[in-house]
Amino acid sequence: MMNLNLNAINTVAEPKLGDIQGLILRGYNLPYVRYIVFKINDAEGARLFCKKILPGSAELLKVTTAAPWKNGQKPDYCLNVGLTVFGLKKLIDQDQFETVNNDSLEFFKWFKSGAVKTAGKIGDTDDSAPTLWWKRSGGWLAPQDPVADGSDLHVQVSLFAHDSDCLKSYYQTLLGMIPAGANGASMTAVFFKDSEPLPKGNDYIHFGYKDSFSQPRLANVPWNTVQGRLLSGKSLIDDRKIVPLDNFVIGIKNFSDDPLAPAYAPNPLLENGSFAAFRLLYQDVKAFNKFINNPPEGASPELVAAKMCGRWFDGTPLVVSPDKPNPDLKDFDYTNFNYINHTPNQQGKGHNDDLGRLCPYAAHIRRTNPRDDTKVTGNKKADGTPSYAESRRIMRRAGPYGPDYVENEPEGIQRGLVGLFICSNLSEQFVFIMDSWIRQGGFRSEDGSPNASGFDPLFGPPNKSISDYNEFDYLPVNPGDSYVEMKGLERFIRTDGSLLLFLPGIKALEDLSNGVIPIHPQSKL
């Protein structure tokens with residue numbers, strides 16, 4: 001199988017925004033979201049549902065594209081759709097599915113396997129194992145238990161609204177759009193989970209951190225141009241490396257960086273589509289608070305939490321302000337920083353943090369986006385220069401679910417993070433990050449910590465039997481001080497549900513609504 005280099009993928013200079021689902025390229029900032037999972041009972045009815053939600057249809061709800069909003073005004077709702085491998089097989093026959101798969105092996109490697117078979121690869125084991133998914137989190141609607149291999153989960157719909165009442169109303173409208181099948185509804189909602197802002201404010205998660213700072217800065221999209229930023233009132237100072245659109249939107253004429261290798265062209269069904277991991281992640285706030293509130297001598301709970309995440313609770317990066325939060329930061333001050341060589345507009349003193357004294361190697365944001373740290377596995381180009389995790393980035397579209405934590409509350413209250421993690425290539429992006437950076441120690445070639453940085457301290461050890469690595473270690477800021485070793489690290493994030501999704505382009509969704517796959521890319525139509 002050819003080794004596809006995401007950096008070498010070529011797409012048209014101007015993306016067809018009207019053919020791309022909007023969620024892939026931009027956050028809607030509509031704070032109320034319902035994530036629904038459907039089972040297909042009747043394939044013909046499901047295809048008709050896909051036809052109904054096509055942009056331009058006469059129906060009340062339609063898929064939101066990446067096309068600019070009229071007069072820059074947010075719509076009343078946004079809607080996006082994804083298919084599991086089992087759902088895709090329902091919409092097209094087996095021969096057509098095999099054609100798409102054989103044409104698109106690099107993209108289908110993990111998607112075809114499905115979330116259940118991928119679980120061990122990304123650390124969904126022990127109390128995060130697939131046998132425990134869906135029902136324990138609340139939101140399971142079907143009278144029967146989930147099927148063990150996930151083959152009863154076919155379509156995932158994300159519905160966004162401005163407030164809770166509107167969200168519920170749109171959901172009822174959506175259900176009313178489902179055609180009848182031979183024996184009842186052609187599609188049945190089997191699971192849903194709502195996300196809404198926490199009392200502390202938008203963008204906060206249950207562990208107490210302000211989140212959603214470092215979304216990839218995309219090339220060739222109108223809201224990242226100078227004019228687009230001026231119209232939206234956003235700062236023009238942005239030092240983040242631009243990530244090619246190809247890492248999130250699949251083009252058709254793709255080539256290996258090896259000039260002797262043949263052109264790699266995925267099936268036209270994938271054109272302007274993407275892939276995503278839908279994740280339902282329970283957050284154990286009680287255990288997290290217990291851990292940080294037992295700090296080592298000379299440290300505070302806030303410092304321990306900052307070392308674990310790489311940011312203070314208010315979002316201040318440790319490499320910008322290692323001693324305390326900085327309330328004076330604004331706009332891109334939260335994202336304009338590197339770990340080794342400071343960026344032109346980086347706040348703070350701009351120290352080289354190669355030793356991880358300011359921000360530990362193990363910290364969550366350093367593991368998921370190591371920026372210019374070339375000593376991290378898979379984070380440098382062939383010439384040794386930083387790749388800035390370009391081919392590893394994912395687009396995070398997720399928010400909190402469940403009520404705020406209250407001391408001494410009853411056991412069993414469900415809360416956490418739910419949403420989609422979007423990328424063109426699950427293997428090189430989502431799966432790589434989870435397997436090589438989140439759940440692996442020794443992911444950096446030079447690491448002097450006692451446990452080679454162990455596991456991502458927010459996710460914790462993948463199972464309770466690993467005693468050698470149930471600790472979080474970090475270096476104090478002062479040179480000469482030795483590593484602080486904090487024992488008792490637990491799994492603070494538990495997987496309660498997962499799907500691997502294909503997010504089709506609009507033309508592909510239309511083809512699927514007719515039960516066919518395209519023969520030619522759109523450029524040849």
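This briefing walks through selected features of the structure above. The model is predicted, so local features need pLDDT of at least 70, side-chain atom pairs count only at pLDDT 80 or more, and totals for chains, interfaces and linings use all residues. Residues are numbered from 1 along each chain as its sequence is written, and side-chain values use heavy atoms, with hydrogens and water left out.

A few terms come first. Buried means under 20% relative accessible area, exposed means over 50%, and partly exposed lies in between (1.4 Å probe, protein chains only). Helices (H or I, at least four residues) and strands (E, at least two) are DSSP runs, numbered from the N terminus.

**Helix 13**

- Helix 13 spans residues 506–513 and is mostly covered.
- Six of its eight residues are buried.
- The buried residues are Ile-506, Ala-508, Leu-509, Asp-511, Leu-512 and Ser-513.
- Their cover includes helix 2 (43–52), strand 2 (77–83) and helix 3 (85–91).
- Just after helix 13, Gly-515 takes a positive phi of about 75 degrees.

**Salt bridges**

- A salt bridge is a side-chain nitrogen of Lys or Arg within 4 Å of a carboxyl oxygen of Asp or Glu.
- The whole structure holds 22 salt bridges.
- One of them joins Arg-217 and Asp-238, with the closest N and O atoms 3.6 Å apart.
- Arg-217 lies in strand 7 (residues 217–218), and Asp-238 lies in the loop between helix 8 (226–232) and strand 8 (242–243), so the pair ties together parts that are 21 residues apart in sequence.
- Arg-217 counts as buried because its relative accessibility is 16%.
- Asp-238 counts as buried too, at 7% relative accessibility.
- Asp-238 also meets Arg-240 in a salt bridge (2.8 Å, N to O).
- Arg-240 is buried, as is Asp-238.
- Asp-496 and Arg-494 form another salt bridge, with their closest N and O atoms 2.9 Å apart.
- Both Asp-496 and Arg-494 are buried.
- A network of salt bridges links Asp-353, Asp-354, Arg-366, Asp-373, Lys-375, Arg-444 and Glu-446.

- Leu-25 sits in helix 1 (residues 22–25).
- Leu-25 is buried, with a relative accessible area of 3%.
- Contact means heavy atoms within 4.5 Å.
- Leaving aside neighbours within four places in sequence, Leu-25 is in contact with Leu-17, Ile-20, Ala-66, Leu-218, Val-221, Trp-223, Leu-245, Val-249 and Arg-397.
- Leu-25 and Gly-72 are 47 residues apart in sequence and 16 Å apart in space, C-alpha to C-alpha.

- Strand 10 (residues 395–401) is mostly covered, with seven of its seven residues buried.
- Two strands pair if DSSP finds at least two bridges between them.
- Strand 10 is joined by seven bridges to strand 11 (residues 416–423), and the two run antiparallel.
- Pro-400 has Leu-417 in strand 11 as its bridge partner.

**A nonpolar surface patch**

- Patches are made of residues with over 30% relative accessible area and no salt bridge; like charges are joined within 9 Å, and nonpolar side chains (Val, Leu, Ile, Met, Phe, Trp, Tyr) within 5 Å.
- Accessible areas come from the Shrake-Rupley method with a 1.4 Å probe; for residues, only the protein chains shown count as cover.
- Val-226, Leu-230 and Leu-236 form a nonpolar patch on the surface, with about 300 Å² of accessible area together.
- Val-226 has its place in helix 8.
- Val-226 is exposed, with a relative accessible area of 53%.
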